[in-house]
Structure formats: C-alpha cells, structure tokens
Amino acid sequence: MATGLPREDIWFALRWRRLWAVRREGNIAMAKYAGATVLSAFAGILLMAFVNLYVGVACFAICFGLSFWWLKALQRQHTDYTITYDDYFREKNNA
C-alpha cells in the first residue's frame, strides 16, 4: 500500500463518498463528536429554558461548530485519500 501516511496513522478512509473510521482511534473520535453534539444541545436547551432563547441558540451553535471543526481537522490529519475503506481492510488481510 503506497500511501502518504503510515498505516497506524490512518484512522479514516473513504467509503461511499464519506469518511468512515477504520481504526479504534477513529471510532473514539466519532464517539467524542457525538457526545459533544449531545452535550451542546443539552446546554443550549437549558440556556433557552432558563436564561434566554438567543443565548441558548448561540451556545449550541458555537459548541456544535467547534466540535465539528475539531472532527474535520482530525479527519484531514488522519485520512489518506488514495485508499478506500475496502482497500484498507483488503491490505490488512493480505499483510
């Protein structure tokens, strides 16, 4: 597999035009992103209910945006776009 990243640094690969996790680290990153989304929604709802509607919406938007930015930056760093999800596992089984 001639790629730009070492195999242990590839956490995501392309599958059906989307990035999918291929290693445990990628799955952990996706779980952290999902947890951050739920927490930001919960914080936004609490702020909407007890403080102000716009403060809650702003909190959710900012927290969600930051977690999305973090995930995309991590995916860019740990994805080799020259191989696909199926290629990654085909090479792993042949190695």
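Helices (H or I, at least four residues) and strands (E, at least two) are DSSP runs, numbered from the N terminus. The model is predicted: local features need pLDDT of at least 70, side-chain atom pairs count only at pLDDT 80 or more, and totals for chains, interfaces and linings use all residues. Residues are numbered from 1 along each chain as its sequence is written, and side-chain values use heavy atoms, with hydrogens and water left out.

**View 1. Thr-79 in strand β3.**
Thr-79 belongs to strand β3. Its relative accessibility is 6%, so Thr-79 counts as buried (buried means under 20% relative accessible area, exposed over 50%, partly exposed in between, with a 1.4 Å probe and protein chains only). With neighbours within four places in sequence left aside, Thr-79 is in contact with Leu-5, Phe-12 and Leu-19; contact means heavy atoms within 4.5 Å. Phe-12 and Thr-79 are separated by 67 residues in sequence, yet their C-alpha atoms are 5.1 Å apart.

**View 2**
Three strands form an open sheet in the order β2-β1-β3, and the pairing is mixed. Strands β2 (18-21) and β3 (79-84) are at the edges with a single partner strand each, so one side of each has no neighbour in the sheet. From one strand to the next, the twist averages 45°. Helix α2 (residues 53-77) packs on this sheet and touches β1, β2 and β3, and its direction makes about 60° with that of β3. Axes are lines fitted to C-alpha atoms, for helices over the stretch in contact, and angles run from 0 to 180 degrees between N-to-C directions.

Strand β1 (residues 12-15) runs antiparallel to β2, and 4 bridges join the two; strands pair if DSSP finds at least two bridges between them. Arg-15 has Arg-18 of β2 as its bridge partner, and Ala-13 stands opposite Trp-20 in β2. The hairpin has 2 residues between its strands. Trp-16 is in the loop between β1 and β2, and Arg-17 is also placed in that loop. Most residues other than glycine have a negative phi. Trp-16, not a glycine, has a positive phi of about 55°, and Arg-17, not a glycine either, has a positive phi of about 60°. Trp-16 is exposed at a relative accessible area of 62%, and Arg-17 is exposed at 79% relative accessibility.

**View 2. Ala-13 and the nonpolar cores.**
The largest nonpolar core has 6 residues: Ile-10, Ala-13, Val-22, Ile-83, Tyr-85 and Tyr-88. Such a core is a set of buried Ala, Val, Leu, Ile, Met, Phe, Trp, Tyr and Cys residues joined through side-chain atoms within 4.5 Å. Apart from this core lies another, of 5 residues, including Trp-11, Ala-21, Ala-29 and Leu-74. Beyond its neighbours within four places in sequence, Ala-13 is in contact with Arg-18, Leu-19, Trp-20, Val-22, Ile-83, Thr-84 and Tyr-85.

**View 3. Helices α1 and α2.**
The axes of α1 (residues 24-50) and α2 come within 7 Å and cross at roughly 170°. The two helices are therefore roughly antiparallel; angles under 35 degrees count as roughly parallel, over 145 as roughly antiparallel, 65 to 115 as roughly perpendicular and the rest as oblique. Residues of the contact of α1 with α2 comprise 19 nonpolar, 6 polar and 1 charged. Here Ala, Val, Leu, Ile, Met, Phe, Trp, Tyr, Cys and Pro count as nonpolar, Asp, Glu, Lys and Arg as charged, and the others, Gly among them, as polar.
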